[in-house]
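Colleague: Before I use this model, I would like to learn how its charged side chains and helix packing should be read. Could you take me through it feature by feature?

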Amino acid sequence: MDDGEYGVLKSKFLKIYAGLATPLRDEIIAVVGDETFNWTSAKAEFMYDSDPEHKKNAILILKQLLEIGVLGE
């Protein structure tokens with residue numbers, strides 16, 4: 001995933017997140033290694049994506065959301 005695609009998908013994620021009802025933000029949306037991510041913890045990965053480990057997790061989260069159709073095609 002190149003930086004341009006990452007930026008577009010990150011923006012889509014944040015728009016979806018903003019529209020979610022607060023209780024839904026606790027739903028698990030991705031698993032990376034042995035760590036689960038809900039909407040809120042996934043958002044944190046994007047907010048700290050200047051750190052390589054957070055960006056790696058953010059990319060893997062985006063890929064999973066793409067696979068299940070959350071971010072479109």
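This is a predicted model: local features need pLDDT of at least 70, side-chain atom pairs count only at pLDDT 80 or more; totals for chains, interfaces and linings use all residues.

Modeller: Residues are numbered from 1 along each chain as its sequence is written, and side-chain values use heavy atoms, with hydrogens and water left out.

Colleague: How many salt bridges does a search of the whole structure find?

Modeller: A salt bridge is a side-chain nitrogen of Lys or Arg within 4 Å of a carboxyl oxygen of Asp or Glu, and the search of the whole structure returns 2. In one of them, Asp3 pairs with Lys55, with 3.2 Å between the closest N and O atoms; Asp3 belongs to helix 1 and Lys55 to helix 3 (residues 52–67), 52 residues apart, where helices are DSSP runs (H or I) of at least four residues, numbered from the N terminus. Lys10 and Asp49 also form a salt bridge, at 3.1 Å from N to O; Lys10 lies in helix 1 and Asp49 in the loop between helix 2 and helix 3, so this pair ties together parts that are 39 residues apart in sequence.

Colleague: Are Asp3 and Asp49 buried or exposed?

Modeller: Buried means under 20% relative accessible area, exposed over 50%, and partly exposed in between, with a 1.4 Å probe and protein chains only. Asp3, at 60% relative accessibility, counts as exposed, whereas Asp49, at 18%, counts as buried; Lys55, with 24%, is partly exposed.

Colleague: Which side chain of opposite charge is nearest to Glu45?

Modeller: For charge, Lys and Arg count as positive and Asp and Glu as negative, while His and the chain ends are not counted. Glu45, which is placed in helix 2 (residues 39–47), is buried without a salt bridge, and the nearest side chain of opposite charge is that of Lys56, 10 Å away. The Glu45 side chain does have a polar contact of 3.2 Å with that of Asn57, a polar contact being a pair of N or O atoms within 3.5 Å, of which, within protein, one must be able to donate a hydrogen and the other to accept it, and residues adjacent in sequence count only if both atoms are side-chain atoms.

Colleague: At what angle do the axes of helix 1 and helix 2 cross?

Modeller: Axes are lines fitted to C-alpha atoms, for helices over the stretch in contact (heavy atoms within 4.5 Å), and angles run from 0 to 180 degrees between N-to-C directions. Here the axes of helix 1 (residues 3–19) and helix 2 come within 11 Å and cross at roughly 140°. Among the residues making the contact are Tyr6 and Phe13 of helix 1 and Trp39 and Phe46 of helix 2.

Technical notes: Helices (H or I, at least four residues) and strands (E, at least two) are DSSP runs, numbered from the N terminus.
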